[in-house]
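Here is a protein chain with a ligand. The turns below ask what each structural term rests on.

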Amino acid sequence: MPRKFRLGQSREAHELDAADVYAREGRAQSKRRQQSAERLSTDNEAHDSGAMLRLPDPGPWMHLPEATLVWRHSQIVDLLLDDGTALRASLAGKLKGVKLVVGDRLRYSMVPLEDAEDPGLPGAQVVAVMPRRSLLKRGGIDDREPWQLICANADELWICVAVVDPPLRPGLVERALALALASGLALRIIVTKRDRASLKDTLPELDPLRAQGLPILETSAARGQGLEPLRDLLRGRTVVLVGHSGVGKSTLINALAPDLQQRTAGISRYGTGRHTTTGSRWLACGEGGTIVDTPGIRNLSVRGLPRTLLPLIFPEFPAEWIEDPMALDPEDEALGLDYPERLQSLQRLWLEMEERNPNQNVHR
Ligand SMILES: Nc1nc2c(ncn2[C@@H]2O[C@H](COP(=O)(O)OP(=O)(O)OP(=O)(O)O)[C@@H](O)[C@H]2O)c(=O)[nH]1
Ligand SMILES: [Mg+2]
């Protein structure tokens, strides 16, 4: 069988054993990092995490038609035109370096096919991005990639947590609340697979979030329960579904709007999802609402978000605790905590928000 090589991998690579390959990859990585650090040191703008979110002025292109980005694949995007038709388009060179994301409102021009350099390319080209009404993003892994964009121009973030498979982790909801607050989106907690726990089970994991007054909606897509309130909330709004792989985001979308039919798959024997959805997709529902299906996430990083969000995420704690939570011990009974795990969460988020770029000291 012919061997497959990864881009940039030499043909001799398969002759090295695993340890050698890792060592080689490590060297290549750190060389790339050094080169990139050199580039960054001559361009201070690049260290400004907001710079990547700035969009070029669409002014000269306002005469062109506008459409929504519904699916993105590297340099090709699928657009939904205002009359409901779909159009595949390439990206103009002037958009190089601009991060586009599902939900972006774009201006495009129809390029006559005979003029295109490559007849395999789509017949339209995106030339400008309109300012975003909202931008949902999570912290990235380093300063070159300070943010990972999730969706533009949405109204609400629905964080999906399953009763089981995968297990319910309230910490993810606290993080989602931080991202929603930073992006100006409303947050709702959608509990999925409610049929997998008995009705007597009140899901005590969610008590601290209930006490805070966050909206929690319990659903079972399998039994068709709890769907009507969601359909009402969806009408006239754009909602992004986010959650671990396998919580049932795509199944819920199929139950809410059966004509959208998203691919779903079972759970692995470890109780985790199989990353069935591989890219975010903007799905216009018949009744005027829009749902955005996203791939399962492992974590939601809050790196780089301001600590001024913390009093809104942890309203039960006094201001001086939030200023220096590390001085407190969650095990200390004198604090009289109802939910000690909330103080642990506060400490985790407090540390992560200030986290520095791991590459900052490279080549300095
Ligand atoms: N019992 C039960 N199972 C459900 C329910 N909703 C989803 N599932 C199952 O959970 C599994 C995963 O569902 P998906 O919809 O593919 O999950 P997802 O969140 O879209 O996963 P990714 O696309 O990987 O992020 C499937 O086997 C579904 O049948 C539910 O309400 N009850
Ligand atoms: Mg899915």
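Q: Which residues come nearest to ligand 1?
A: Ala222, Gly248, Thr264, Thr277 and Gly296 come nearest, out of 26 residues around ligand 1. A residue counts as near if its C-beta atom, placed from the backbone, lies within 6 Å of the molecule. This is a predicted model, in which local features need pLDDT of at least 70, side-chain atom pairs count only at pLDDT 80 or more, and totals for chains, interfaces and linings use all residues. Residues are numbered from 1 along each chain as its sequence is written, while chains are lettered from A and ligands numbered from 1 in the order in which they are written.

Q: How do the residues of the shell around ligand 1 divide into nonpolar, polar and charged?
A: Six are nonpolar, 15 polar and five charged. Ala, Val, Leu, Ile, Met, Phe, Trp, Tyr, Cys and Pro count as nonpolar; Asp, Glu, Lys and Arg count as charged; the others, Gly among them, are polar.

Q: Which helix gives the largest share of the shell around ligand 1?
A: Helix H5 (residues 249–256) does, with three residues. Helices (H or I, at least four residues) and strands (E, at least two) are DSSP runs, numbered from the N terminus. The protein chain has eight helices and 13 strands.

Q: What makes H5 mostly covered?
A: Seven of its eight residues are buried. Buried means that 20 or more other C-beta atoms lie within 10 Å of the residue's own; with 12 or fewer it is exposed, and in between partly exposed; C-beta atoms are placed from the backbone.

Q: What is the order of the open sheet of six strands?
A: The order is E10-E9-E8-E11-E13-E12, with mixed pairing. Two strands pair if DSSP finds at least two bridges between them.

Q: Why is one side of E10 and of E12 left without a neighbour in the sheet?
A: Strand E10 (216–218) and strand E12 (281–284) stand at the edges, each with a single partner strand, so one side of each has no neighbour in the sheet.

Q: How do you know that E8 pairs with E11 and with E9?
A: Strand E8 (residues 156–162) and strand E11 (residues 238–243) share five bridges, in the parallel sense. E8 and E9 share seven, also parallel. Ile159 has bridge partners in both: Val242 in E11 and Ile189 in E9.

Q: What makes the unit of E8, H2 and E9 right-handed?
A: E8, helix H2 (residues 170–183) and E9 make a right-handed β-α-β unit. With the strands pointing away from the viewer, the path from the first strand over the helix to the second runs clockwise.

Q: In which sense, parallel or antiparallel, do E12 and E13 pair?
A: They pair in the antiparallel sense over four bridges. Arg281 has Asp293 as its bridge partner in E13. The two strands form a hairpin with five residues between them, and Gly288 in the turn has a positive phi of about 100°.
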